Amino acid sequence: INPADVLLIAGRSRISSFIQTVTQSTWSHAMIYIGRLNQIENESLRITIKQYYHGSPNTPLVIESLLGHGTIIRPLSTYQDEHIRICRPRGLKHQDANAVINEVSQHIGKDYNVTHIVALLLLLIPYRILPTKWIMKLFDHCAKNSMEVICSSMIANAFNHVDFPILPEVRQHKENHQSLVKRHHVLYTPKDFDYSPFFAIIKYP
């Protein structure tokens, strides 16, 4: 696994099952691999990680945002018995991979944004419980709250930070003209990394 690889998890909790049903995907959770502490080049980032992780410097680590836990650092081995898919950004430069990891690390310690995940599920559900404009107001509220995040939008925002595409929206114009429009990071779900043509899919042994 390489630093800045995105790992997708098929969770087994009730909330995971609900997310999988609404998004029509196997994947309910996303995290990003940051490597081993003793291999991280950015000294200030190593200091930040040491504040939240006190294990061996040789342990492979991930950053994730979890309901009930917030944004945390965990050993990759936490998920050794789970169903995992590795999504590797194609052609991502070394310095950009470091920038992505650094951007994600800025969220360590933040709470999980429950309002955001509710708004996202309300938007994706096949039938409307609330008017779309009400749901978009929830997203506006989430965008203003910089102290809370969810897993997929946190990672998407980090890749947007280095202008690396994930899954742009295709807009149809007149005379068969199409354009690709960058989606806002709050609209991403774990499955978007699986569907993205800009990520290579690696199935673990």
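Two strands count as paired here if DSSP finds at least two bridges between them. Keep that in mind as you move around this predicted model.

**Start in the sheet.** Select β2 (29–36) and β3 (60–66): they pair in the antiparallel sense over five bridges. Pick out I32 and you'll find its bridge partner, I63, in β3. Now look to the other neighbour of β2, strand β1 (residues 6–9), which is antiparallel to β2 and joined to it by four bridges. There, L7 partners M31 of β2. Seven of the eight residues of β2 are buried, so the strand is largely enclosed by the rest of the structure.

**Zoom out.** Show the six strands of the open sheet, in the order β4-β3-β2-β1-β5-β10, with antiparallel pairing. At the edges stand β4 (70–75) and β10 (199–202); each has a single partner strand, so one side of each lacks a neighbour in the sheet. From one strand to the next, the twist averages 30 degrees.

Select V62 and look across to R74 in β4.

Helix α3 covers residues 94–105 and spans 17 Å from first C-alpha to last, close to the expected 16 Å. Colour its buried residues, among them A97, V100, I101 and V104; their cover includes β2, α2 (43–52), β3 and α6 (151–161).

Finish on α6, lying across β1, β2, β3, β4, β5 (84–89) and β10, at about 55 degrees to β2.

Conventions
Residues are numbered from 1 along each chain as its sequence is written. This is a predicted model: local features need pLDDT of at least 70, side-chain atom pairs count only at pLDDT 80 or more; totals for chains, interfaces and linings use all residues. Side-chain values use heavy atoms; hydrogens and water are left out. Helices (H or I, at least four residues) and strands (E, at least two) are DSSP runs, numbered from the N terminus. The expected span of a helix is 1.5 Å times one less than its number of residues. Buried means under 20% relative accessible area, exposed over 50%, partly exposed in between (1.4 Å probe, protein chains only). Contact means heavy atoms within 4.5 Å. Axes are lines fitted to C-alpha atoms, for helices over the stretch in contact, and angles run from 0 to 180 degrees between N-to-C directions.
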